[in-house]
Each structure stands twice: as structure tokens, then as C-alpha cells.
2 protein chains.
Amino acid sequence: MPTDPRDALRAWFLGPRAENAELLERLVVESLRDHVFWRRNYHPEDGFAIRETDKRQEGYEENVATLTQELMGLLAELKRDVPFFSGRYKGHMVGEQTIASQIGYFATMLYNPNNIALEISPVTTRLEVEVAGQLARMIGYDPSRSWGHLTSGGTIANFEALWLARSVRYLAVAAAGAAAELGIELPVRLPGGTTASISELSLWELLNVGNDDTLDLWDRLWGTAPHADVQRTLTNHSLAAIGYQEYSRRLAMDYGDPLPAGVVLVAATAHYSWEKIVRALGIGSNQLVHLPLDQSYRMDPEALWQRVNGLARRRDPILALVSVCGTTEESAVDRLDQVLEVRARAERELGITFHVHSDACYGGYAAAVTRRADGSRRTAAEIRKSVGDDWPADDWVRAVEALGQADSVTVDPHKMGYVPYSAGAILVRDGRTRHLVATDPPYLSPVELPAPGTERFLGRYILEGSKPGAAAAAVWLSHKVLPLDERGYGYLIERTVAGARRFHAALATADLSPFLAVMLPLPDINIVCYLLSHPSLATLRAVNDFNERVYTRMSLARTDGPPEYIITRTRLRSPAYDGAIDPILALLAVGSGDEWKASGAEGLVVLRSTIMDPFLAAPAPAPDHVNGFVGALRRACADALEEGAGAGDPRSIS
Amino acid sequence: MPTDPRDALRAWFLGPRAENAELLERLVVESLRDHVFWRRNYHPEDGFAIRETDKRQEGYEENVATLTQELMGLLAELKRDVPFFSGRYKGHMVGEQTIASQIGYFATMLYNPNNIALEISPVTTRLEVEVAGQLARMIGYDPSRSWGHLTSGGTIANFEALWLARSVRYLAVAAAGAAAELGIELPVRLPGGTTASISELSLWELLNVGNDDTLDLWDRLWGTAPHADVQRTLTNHSLAAIGYQEYSRRLAMDYGDPLPAGVVLVAATAHYSWEKIVRALGIGSNQLVHLPLDQSYRMDPEALWQRVNGLARRRDPILALVSVCGTTEESAVDRLDQVLEVRARAERELGITFHVHSDACYGGYAAAVTRRADGSRRTAAEIRKSVGDDWPADDWVRAVEALGQADSVTVDPHKMGYVPYSAGAILVRDGRTRHLVATDPPYLSPVELPAPGTERFLGRYILEGSKPGAAAAAVWLSHKVLPLDERGYGYLIERTVAGARRFHAALATADLSPFLAVMLPLPDINIVCYLLSHPSLATLRAVNDFNERVYTRMSLARTDGPPEYIITRTRLRSPAYDGAIDPILALLAVGSGDEWKASGAEGLVVLRSTIMDPFLAAPAPAPDHVNGFVGALRRACADALEEGAGAGDPRSIS
């Protein structure tokens, strides 16, 4: 596929004016008819269940009338939906969908395969395995060792990642119990590099065996006794079977050391769903430790080291560390390479270790930028030349390349994969991990563990059960048309980055007087954050109220007519953003960091524009939505100031 | 809508021979063009991002060629998918999808709304709330008090149900801690009907406050102190914040009574995903207590009472009881009314209580059978007359009517709602429950608790985040065309029941000699289970191998040509099926129940046919797939016998 992506880009989407409508309609009709003829040709001798004369019956006709009428009603309603397709939408991380994914979804939905098991999805389970392999290769995993699958979205994918992480972390404890019961001895490699006998290890040491060493240990255990005995004794000591309540009690008894509650370290920018996840898993939100940010909104590696050190001193086990590749609010990319260095140092100097997960739900597809057509890596300089800007920094490429060393990575095709909802994905570096959470459905006969990629039954290893094969086909077809490298997704995401940088520069330099745009730093990918101020706004609360009003005027919540452009907003709060906020507060001149810290849930309202529009950077011949936006923003500011002054609201400005 | 459903039925589906292809194509093209014109008319002054001349570029053309070619490849592959639409498919619980749901999904997918928040799904979040209200009304909840939403499927819905149940169960403990910290006293109603002061209650008593009383207590607590203080003190004592490890320790200290691990009671027929769920939640699979079945494959209420009694004596708290409405394997409907009576008796006689959940993922839509067009209940006699058979028994109607008293119910539109994957649903009787698991996204400002049905932000209350608005629209449109009563889903499901009974009778009476069909009892809904035997099959293993071979010949796994009909199979194992198996073993004459019990994972292979085809009961003018099936089964048996004899396999028959 030697296609020039600059031209191909214009065939990837239906287009903001539905320019490719004919193409999509042709493919839709073709897919539908193809399916229809499949039904017609399937045992033609079966005759017809619905005759033409049936269609003349009153009941039939009334039903068609109801269906048509209600559909027309739905279509009319949908005109009040959000125009994600338009260059005028600059809000959340939703944009166009690729034509390939739309048609892949629709065509396959007619067949309605269920990827829970190969028996009811002989085609699309294979496509799902293939897609997982493509994503694994993109982020730098070895597809023959790793494993992955699609989920309904990022939250479930992240949930599974932490569920798997916990299962690995407590596995050495279960193995020690099993080995004792079986009367066998096993060597275990410790983080420092030394080897010890499993029966000699303290609880603290067992909880700090590395992932690979734990899985190797587990592999060896199966060779020491009959399968059923290993299974039984492992289960006797596994957290999954025993449950937290009894498990804690038993470890306190067995090791004379009550198990300290394991913590989960997350970037302060981590998605709010991590709190749901630790609550649901029974870990508890008190054990969710948010790590400080640096001024680029990335996890601060030095602060991480200090924290890890402190936890080790207090002998608090670390279940997992969650780094982010593309934060939801700012698209910041943690320096995962430095995070991994902190772990290596902790192994060497402190004798502890932990699972490293990268939540790349938003940013994962950006790894396509680092791939040449042949799969090899592009240099940062090569990418910068292609983008025509000083993005990405060498550091950024190192951070993205480090994804291949994370123990697990989640990446959502329904975000920067530009496919319809719902499609998330989880990838684990060592595919053996999945067996730790396997549950057998009743109809499976006793089987040996299948090798990665040969699963007949995904439902055995994943949290969800029934799942749409159509989603797998949508992602698969989209990857066929837009490969996960510089020719496809890489180029697409480069264009959004170029657009975001143009947008950022335009806001930073625009004459908005008497208003002032305060910009957050240039984003690591393509989410631009900013806020507006005015000399009359003297307090944090006044600035927030003003920006909320600007937001309302630039959202579909506006009641006095459609907005010219649509944006969204977030709130930066203390302590999560303590490390990053000072430069912003200084520019706003609305009090010190201390006041901000004291504001609690109020925090700082920040406006947000996710640039998913690939045409923004070089808009010709279409209208320039950067200049258009700046004008609209100025008008919204003026209206918001006037509205605030008129509101007589105690919160109003000045 | 006075439509006669007998005629309307023929307009509901594309049809086994795609008889309604013109209708579907018309609606698909109309929906697509409607969307296209929306784009065209949205700010017409914006010009075009893709010009006609761009479409003449080599890169563009090559890309279209790639897309078309790969799509053709996918369409060809899909011909190897499963013909769920055909009367020849008699396997898993997947059938046709309604045209309404197909077109609702497709039309809405073009807009790609995300029901995580109203801001990016202003139309479809409303449709989702509406759909939840319709399902609530169908099962007998008061929509103004209850709450519900769609999920990606049954596993996530059931997961949420147990997560919510746990949150309610431990809430009184948190409230007691908060009240003590705030220095206030609160009256609490106990299961026996007496009232006590919260500070006087033992841990055991706190864990046995009823759901409604717990939520009332919680409501009262908010009135006793400022919002922030209640929030803080409740959090200080909540399991969600503290996590199991520290929580167990703290309760042991505070109450001088280590918290016994809470158990979850489930029907022995409960879906295997319940094991996943208790493992992931940290409850542990050892705490999953399977209850015995009666000979109708339903939970045995007397055995339940005995078990509850035993648990109360040992002071093991019961987190929740899971009853099933439509088991995955047999479509058995537990006598939920009797289960609820057991709970009432436990409250009266033992002073204990627990959350009652009905897993109606499969059977929930059958509640539509009990509804007249005006929403009132049909009598069992009325339904029997309409079905033209002796189904349902009065008992069945009582069991289904009892859904309205369950604390939570899960029901999957993507099963008997005949909509495309993925759409599950959870309903809770008391909508206040959802606040117990709420997590705030960063951009929400501090808000008051919204009333049910007014949510702007579903993601706050649910496990998942991003979710397809298209799924909500699909279910919504389908409910518009097939109402949840005798005119729509009720009639549809009646027809499948009638078909299942005809199928069951035909197999039971067919002359298959020398083979014998051993039938499981008539199903409570529409899944028929059976197995085949032959005089030469003298052992359980021989019967299993034979039935596995029959299954293979009647599945897509068959390699010597396409199967005439497609079925599936399961394994009944000890101890889950101990209460139901004896009559089957007696008919097979292959050893006693003891031998079966000793067979462990081997169990008994049973063939399964889910009858989702509404045309099976009265097939004219189409071919009779009951008679056709019987013939195909006889041929498969003969082939399987021959194959077994020829295999020389140590497992082969005689």
C-alpha cells in the first residue's frame, strides 16, 4: 500500500460536509444486499416464512407504518445531537469515525456474532485476536508472548488490568502455600537478582517477586505434581477463592504479619474511573495514592521515587503503578521510561517491585506515529520533519517506546482509533497472566491451557461475557485501511497534533483584548487547555464563574441559539494539580497557590478543546476554523462578561 | 396501536429468507441520507474539506480501492458465520434482531453519541433513561422510585448488582460509625419490626438491617449535620474507601467481633460469570454458596431455608441471594415468590435479612407476556389461551410477578429483546442505591443529588464509562415497535414458547429407533435440553462421547460438509445438578447417581436447543423445521454411532 496518506486522508472519513456520502452509501447498500443474498441462498429449499400476501395484511402494514413513523421521530431527535463531525466541534475526545469502521460495524452487525466464544463468532473472534496482535505490535509487545482483547471501553479494560495485576502480585503467596502443602521446594528469583527457596521467604518478599519471575515460578509449580493437585493447592491459597476477609486473617496467622493493605499508585491526572475500580475490587479508595505532577502535567519521577521509598520503609506493598499515556484532560504523556527506571532502582536498592500499567486509553494510538511502514521505529527527527513542527521531543518518543516494557497497557479504539462506540482494549505483556483469572463455563470439557491466539473461548479469561463481534470487525477493517504506522493512524494523529499546535499558537497570540487567554503548556498530543480572564476578575471564584459562562455559551446547553463553536471544560483541583498550577495562577493574578489549595472542590475551571479534526492544521480550501474560533471566543467572552455583570449573582464578577 | 400481532410479527424481522429486505434497505438508505443532509446543512457557509478533485488523486483512489477490497474480503469471510436467522439454527440464545433495533443502531451510530454524559449524548441519554423506565414498569417496579441503565451485557449488569448490594449491606455499619463520630443518635428499624438506637446495635445486627430501612437511615443521617460532615464521616467508615483488608481489621477492633466473610447465595444453575464476579469484587469464590435444585431445575426453596438457617446459626452474614429467571442452560424460572417468602420468614424468625437479586438476563423479557396493552397483568389462564397450550402454570406467573419485589433485577435486551450486541440492563428497586457507588468526574461542580431520571451524567453511577448511545436507541426503537406487553414482546416470546413445546413433544415422541431421546422436563421458557442414547452405550462416558459426536455433527465444527441443523451442548455436573439428575440417569440406565457424582468435571453431556424462532410453532407456509430436525438428528445419531465404532478410541462405545 504505497498510498500517499495526504490524499488518502480525504477518503478515510465521511467528511464534515458528508463529501464521501456516495462512497459510504454504496458500501452500506452493498453490505446489506450481500447479507440479504446470503440469507436467500442458505438452504433455498426452505421456502419463505413471510409471503408477499402477508405484507398486505393490515397488521403488517400498520407495523411498518409504526416503525417508519418512530424512526422518522428518532431521526428528527438526532438533529439535536452533537455535530462531532464538524470542525466547529472542539470539545471532548469524540470526532469522526472512519468509514472503514462504520461499514465494518454495520456489515457485521447484520450477522450479530458474539465474541464470547468461537462457536458463535467463528469469524470475528479470529479478527479480535488479530486486532489485539496488531495493537500489541504497535506498542512494542511481542505478539507471540503477549495477549489482549477488546472490551466495552477503557474503564473495563483498566479494571481488568488491575484485576490481573492483583492476581499476579498475590500469586507467589499462593504458590508458597501450595508448595508447602505439596511438600516441595521451589527456587524463586528475587528483585535484587538473588535466588531463594520459596519456603524461606517472608510475606513481604513473596509480595515483591517480579511479574516474570512469579509466572516462571507458577510454570515450574505445574511440573512438580499432578495437575489436579497443583490446581487444588493453589486454589486453597488464592485470594480469588478465599476472598479478602479470610485471606487477610489467614496471612496474619500464617506469617505472623498482618498483610498491610496493598496500595495502587496513580498519576494525579489519572481518570476518575480508577477510583471506581479500586472501590469495586475491594482495594478501597484510601489505597489509591495520587502522585504529584510536574509542570508538564506528567507524573514526576523524582516524587515517585520518594513515595516508593517511603512505602518500602513502611512495608506497604505496592500492587501496581498506573502511568498515563495521554491524560483525559490534557493529553499529557507520562515519561514511562523514567517511571520504569524508578522501578528498576527500587528493585536494586529496596528489593521491592510492582506491576507497571500504562493507561494509554486515550494516547495509545499515538504510538502509530513512531512506526514506519515496515514496523521499525521512526526517529523523533523523522517524525518532526513529517509533522513540520518541533513535535515530538526526543523524550516523548522514548516515553512511547517504553510502552513495550509495561506489564499491561490499555488503549481505546473508540478514542483515537476513530471507531464507533464501544471498543476498548487491554494488552498484557505476558499472556500467561490471563490463566490466573480464568473461569470455566459449564460446557467446556477439561482442557489444557491454550497458547495465546488460539483461544476458542474469550469469555473464559475476561470480565465481560457476550460482546459484539461487530466491534472487532470495525476495528479490524479500520486497521486494514489505516495501518498502525506512518501511512495510517500515525499520519492521522500527526495531523491532529499539528492542528492542536496551530490552535494553541493562535489562542496564545490572538488579540482578545480586553480579555486575556491563559494557556496551559503545549500538549503532548492534541488536547488544548486554556482559560480566559479579564482585568475585572479579581478572585478565583470570579474567574471560574466567568469561564463557566464562556463554556455555557460555547456548548449545546446554550439556550439562545446554537453555539458557533463547541468546547468543553474541566476543573483542576488541589492536591492533584499542585505541581502544575503555579504558572497558571501567576498569569491569572488571582491569589496564591494557597488560596487555590483551600478552594477544594471549586478548583480552577479550565476550558478544553480536543483536536481530533485532521483538517485543522491545513484547512484550505475549507474555512479556517482556527480563525473562526478565535472570533467566536472573543464574542463569547464579551457576552459572558455582560451576562455576569447583569446577573446580580453573588458569584458574579466584580 | 391496535395491530394484530399475528400479522405484525411478520414485519418485525428481516426474515429467514430476507423477505423484508426492501423494507430494511429503504430505512437504512433513508437514515444514512438523512444524516448526510444534516451534515450538509450544518453551517453551509463552511465549504468543503474534501473537493471533487481530491477524489481524483491517486492516493484517494487507492484508498477507496483498499477499503472496497478489504470489505469484500470481510463480507466473504462472514459467510462462514453462524446463520442465527435461520430456522435451522437451534443452538445458543442468539436469534434474529428486530428490524427496529438494527435500524435504530445504524442510524444512531452515524452520530456516535456517548451515553457517559448528557453533554455528548443529549438525545440518547434521555432514550436510555426512558428504556430503563419501560423495563422497570414491565417487571413491576415503580419507575418514579427505581433506577436503571443499560450496560455492555449481563456480566457487567450482574457485577453492578452485587456491587450495589454490598454497598447497601455495609451502609448501616458506616452510618453507625458516622453517627458515633458526629455524636448523634439514630433510630433503626430491625428485620423483626422493632426499632433500636443505632449505637446499641451489634455488628451482626447492623449487617442485617433491610435495604429499605438502611436507605431510610442514610436519608435521615444527611439531615443531622452539614453535608460535608456527613460525607466525611461516612467515608471514614465505608468499605469502598477503606478497602476490605483494613476494614476487616477495624471492625474486629471496634466490635470485638471479627467480621465473618459475607456469603453470596446463588442458584446452582447460576451463570458461571458469578464466579468471576465474586472473585473480582474480592468476596472470593469460597463465599459463593450454590443452592440445590429441584427436579424442575429451579432453586429449591426448602433447601434455601435450611441453608439460611444454618448460616444464621453460624452468624455468617449473607450479602445477597441470586435467584435466576431463565437459566442460561435450561431457561428455568426460579420460584422467586417462594424465595422472597423465605427471606420474609428469615426476617421474622431469625432476625436476619439480605439483598435479593434476580438474574433475569435471559428470562426478563418474558415478563412482557404477563402485561396487557394497558399495563395491567394478564392472568395465567388468559396467557394459556393465547399460547394455545398449558403454559404458563399459575406458579410461573406468580414467580414472574415477584420480580417487582426483588431488590435488583438484570435483564439483557441483547438476548430475548432481540437487539444487536451489546445491550444489558440493570434495574434497582430503590433508586437511592446508586448514590452509594457514585464517583465524580473532575468537571462536575459540587451538586445536589439528582432525582431518578434527571441524571446528566450516567458515568457517575455506573461501572462503565463511555457507552454507545446507539445501543440505547436500538432498544428504544424496538420497544416502540414491539411494546413490552401482549402486543409486542409478549406475543413474540409466547410464540417461541409454543415452538419450544412443539419441539419438545416431537423429540419425545419421535421414533428414533434404535436410538432413544431422553428429554429434560418441559422448559419454563424456550430452551429444550435432551440427550440421545443407544442400547450399546453402557457407561456414562460412552453416552457422553456419543452425544459429543452428535453435537459435532450438528455444529459448524463439522468438517465433512455443512450441518443440516445446528445445536449446542452443555455439561451437567455434580453437585450443582444433584437435585435434578436422577430421573435422567434412570432413563439412561447408565449407573447410579453416585457414579455421576464421582465423575466430577466429566458430568453429563446434554444437547441444547434455544428456540428463538417465532415461526417454529406454526410454520406454514415455510418448511417444518421440527420434522426436518428430527430426521437430521436421526442421521446424526447413526453417523455418530458408526464413527464411534470405527474410531478405535479407548473412549469409544462398546
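This is a predicted model: local features need pLDDT of at least 70, side-chain atom pairs count only at pLDDT 80 or more; totals for chains, interfaces and linings use all residues.
Where does Ser331(A) lie in chain A? I started my notebook with that one, and I found Ser331(A) in the loop between β6 (318-324) and α15 of chain A.

**Entry 1**

I looked up Ser331(A) because its phi is positive, about 60°, although the residue is not a glycine. Ser331(A) is buried, with a relative accessible area of 0%.

I then went over to chain B for Ala589(B), another residue other than glycine with a positive phi, near 55°. I found Ala589(B) in the loop between α21 (578-588) and α22 (593-598) of chain B. Buried or exposed, I wondered about Ala589(B)? Ala589(B) is exposed, at 59% relative accessible area.

Next I checked the cis peptide bonds. In chain A, one joins Trp391(A) and Pro392(A), with omega about -5°. I placed Pro392(A) in the loop between α16 (380-387) and α17 (394-401) of chain A. In chain B, a cis peptide bond joins Trp391(B) and Pro392(B), and there omega is about 0°. Pro392(B) sits in the loop between α16 (380-387) and α17 (394-401) of chain B.

**Entry 2: a glycine and its partner in space**

I picked Gly193(A), which has its place in the loop between β2 (187-189) and β3 (195-197) of chain A. I noted Gly193(A) as partly exposed, with a relative accessible area of 37%. How far apart in space are Gly193(A) and Arg348(A)? I got 8.1 Å from C-alpha to C-alpha, while in sequence the two are 155 residues apart.

**Entry 3: salt bridges**

I counted 100 salt bridges over all chains. I looked at a few of them one by one.

The side chains of Glu181(A) and Arg232(A) meet in one, at 3.7 Å from N to O. Glu181(A) is in helix α7 (residues 171-182) and Arg232(A) in helix α10 (residues 227-236) of chain A, so this pair ties together parts that are 51 residues apart in sequence. I checked how open both ends are: Glu181(A) is partly exposed at 41% relative accessible area, and Arg232(A) is partly exposed at 43%.

Arg343(A) forms a salt bridge with Glu347(A), and their closest N and O atoms are 4.0 Å apart. I found both residues in helix α15 (residues 336-350) of chain A, four residues apart, about one turn of the helix. Arg343(A) is buried at 13% relative accessible area, whereas Glu347(A) is partly exposed at 22%. The cut-off for buried is under 20%, so the two residues get separate labels.

I also noted Arg558(A) with Asp560(A), where the closest N and O atoms are 2.6 Å apart. Arg558(A) is partly exposed, with a relative accessible area of 22%.

Which residues are linked in a network of salt bridges? I wrote down Arg145(A), Asp216(A), Asp219(A), Asp430(A) and Arg432(A).

**Entry 4: where the chains meet**

I turned to the contact between the chains, which takes 179 residues from chain B and 179 residues from chain A. Arg17(B), Arg39(B) and Gln245(B) supply 6% of the area that chain B buries against chain A, more than any other three residues. Between them the chains bury about 16100 Å², 59% of it on carbon and sulfur atoms.

How many salt bridges are there between chain B and chain A? I counted 14. One of the salt bridges joins Asp54(B) to Arg10(A), with the closest N and O atoms 4.0 Å apart.

Helix α2 (residues 21-41) of chain B gives the most to the side of chain B that touches chain A, with 18 residues. Sorting that side of chain B by class, I got 96 nonpolar, 42 polar and 41 charged residues.

**Entry 5: the cores**

Last, I looked inside. The largest nonpolar core has 365 residues, and Leu265(A), Tyr530(A), Leu265(B) and Tyr530(B) touch the most other members. I followed up Tyr530(B): leaving aside its neighbours within four places in sequence, its contacts include Phe503(B), Leu507(B), Val518(B), Ile567(B), Arg608(B) and Phe629(B).

Conventions:
Residues are numbered from 1 along each chain as its sequence is written. Chains are lettered from A and ligands numbered from 1 in the order in which they are written. Side-chain values use heavy atoms; hydrogens and water are left out. Contact means heavy atoms within 4.5 Å. Buried area is the accessible area (1.4 Å probe) that two parts lose on being put together, summed over both. Helices (H or I, at least four residues) and strands (E, at least two) are DSSP runs, numbered from the N terminus. Ala, Val, Leu, Ile, Met, Phe, Trp, Tyr, Cys and Pro count as nonpolar, Asp, Glu, Lys and Arg as charged, and the others, Gly among them, as polar. A nonpolar core is a set of buried Ala, Val, Leu, Ile, Met, Phe, Trp, Tyr and Cys residues joined through side-chain atoms within 4.5 Å. Buried means under 20% relative accessible area, exposed over 50%, partly exposed in between (1.4 Å probe, protein chains only).
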